Structures are given as structure tokens and as C-alpha cells.
Amino acid sequence: MLSLCYSLIIQNRTEVRTVKQKRIMTIQDLSCFGKCSLTVAHPIMSAMGLEVCPIPTAILSTHTAGFQNWTFRDLAEDLPRIAAHWKSQGLTFDGISTGYLGTEAMIGMVADYFRLFPEAVKIVDPVFADNGKLYPAFDEAYAKRVAELCGRADVIVPNLTEATFMLGEEYVPEGYDEAYIHGLLRRLTGLGCKTAVVTGVKYDPAHQGAVAYDAAKDAYVQYFRENIDVSFHGTGDVFTSALAGAVILGKSMQDALRIAVDYTVESIKATMPDVEDHWYGVKFETCLPGLIQAVQGS
Ligand code: PXL
């Protein structure tokens, strides 16, 4: 009996050792202070159990939303060199996720990565606008280039502002219905991606969530929580990191939306008592145990 138990334990251990870990590269800036981009994506996806390979596109002292006089070091020239080295080593990836890219040249380099690593599921968060406005560093030409990159992605994750900019449509801040969001999602997949997820959807003032459309299946899924009327920087990056991790782990889109929306809401709630001091980002770290449980439980 004892030896049977022992061999089961050994077998279980072997099983754990031989399960292939999912590997994702994530391409975005490293804002050293401010809780966004890589400082959010890397810990979140690591906690979810993925092997995360970060590609910093630039190093900034802080993010650009609310701070002044930040430092900025462009790392663009390293991108082709990193790709060439990885290819020479025969490295392959289950996923590539992208966030804030900053320049049109950088978008072109990311498109090269998409060509060089055809095996990877590509998840693009456009990150160039919110609340009806472009971020200060960007213009319509940038939005157009991001739309082209979205056409090469498997999953895109725009907010409503980015979605309408990419489609050349008027931003509708409120008062829309499900038919409008479904139409928007269908037009987004018309850019060329397989699945479009739109975030920050509010059909009524009491709820907020995300809606996804899979073009091949012609199917929609959605997940909503209570609306929390406060705005923190970096919540989009938190959402996309959790969504990308869940997708690469093989979760259904319904589960991925639930995991990502719940985690974002919990991170916002954890930050609310400290809203004055912590305006620059959410305390996503304190909610990682709940995220890990959510991943393991679905
Ligand atoms: O969270 C998006 C983001 C990422 N990185 C930098 C930013 C922003 C948004 O403004 O400025 C540098």
C-alpha cells in the first residue's frame, strides 16, 4: 500500500514536471513608476502561471498621464535584434501581447514580430485614446496604423474611444444599446482580426463590462459587474493582461472576460480607500491571490 502511494506521488510529480508551460512575449514600454504596461503585464501573467518574456519598447521614468517632465529612452533599435537572436535560438511562443507602443515605427516593428512568430496567438490592445480623446502623443495617423496592426491580430481589446477612432466613426459616450455594440464589434472584426473585445461598455449607469465577438462563430459573449464611478490610470492594462493570460492558458472567451473584469473591479476596489495618493494606478498586486484562484477554478 505504502509503495503504491509512493509511486502515485512520483507519477503525479512527473506529470507536473512534463506539463508544458505556456509562453508569452509582451511588447510595450517600461514605465518605471506608475503601474502600467510592463510593470503590470509581467507580474499579472506570471502569477497566472505563464512564462513571460518582456520586450521593453522604451524606458520612461513614469507614464505620461498625469506626471510632468518624464524621461524617455527609445529602445526601438533593440527590437529587430532581439527578434533575430530569439529566432537564431529557435524560440517559439504561444502568445504575443502588445500595449502602448508610442510611435508608428514601433507599430511596424511589432508587425514584423507577428510575421516572424506565426505560431503565436496575437493579442493587441490599441492603447492610444480614452474618453473620446486621443492621448496627447498621438494623432489620427497613429490610430490608422494601430488599426492595421489590429487587422493582423487574433484578439483586439479596444475601449469604445479606440474602437470608434479605428473605424473612423463618431464616439458615442452613452445611451447606446446592444445592437450598437454588436455592430461595432462586427465592424472591428472587419479590420481583419478574429475576435474583437470592447471594454468600458455601459448599457446602464449601474453596470460596466466587456463584450466580445468571435467572427468565425458569429457569437457574442459578455460579462458585466457593478459600475464604479472612479477613473484610475492603467486599468485597461490590468484588464488586457488578465485577458491575454487567460486566452493563452486556453480559457473560453466567456471565462477570460469574467476573470479579467472581476480582477480589474477588485483591483479598483482595493485602491478606492487610497484614491488621493494612488491616482496613478491600481493596487493590482494585493488582488493577485484572487486572480490565481479564479484561473485555477475554471
Ligand atoms: O496605460 C497606458 C500607458 C502606457 N504607457 C505609457 C502611457 C500610457 C497612457 O497614457 O503614457 C507610457
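Which residues does D125 touch, not counting those up to four places away in sequence?

Analyst: This is a predicted model, in which local features need pLDDT of at least 70 and side-chain atom pairs count only at pLDDT 80 or more, while totals for chains, interfaces and linings use all residues. Residues are numbered from 1 along each chain as its sequence is written, and side-chain values use heavy atoms, with hydrogens and water left out.

Beyond four places in sequence, D125 touches T98, G99, V157, E162, G236, D237 and T240; contact here means heavy atoms within 4.5 Å. D125 sits in the loop between β5 (121–124) and β6 (129–130). Strands are DSSP runs of E with at least two residues, helices are runs of H or I with at least four, and both are numbered from the N terminus.

D125 is buried but has no salt bridge, and the nearest side chain of opposite charge, R152, is 17 Å away. Buried means under 20% relative accessible area, exposed over 50%, and partly exposed in between, with a 1.4 Å probe and protein chains only. A salt bridge needs a side-chain nitrogen of Lys or Arg within 4 Å of a carboxyl oxygen of Asp or Glu. For charge, Lys and Arg count as positive and Asp and Glu as negative, whereas His and the chain ends are not counted. The side chain of D125 does make a polar contact of 2.7 Å with the side chain of T240. A polar contact is a pair of N or O atoms within 3.5 Å; within protein, one must be able to donate a hydrogen and the other to accept it, and residues adjacent in sequence count only if both atoms are side-chain atoms.

One of the residues touched by D125 is V157, which lies in the loop between β8 (155–156) and α6 (160–167). V157 counts as buried because its relative accessibility is 2%. Beyond four places in sequence, V157 contacts I123, V124, D125, P126, E162, V197, T199, F239, T240 and L243.
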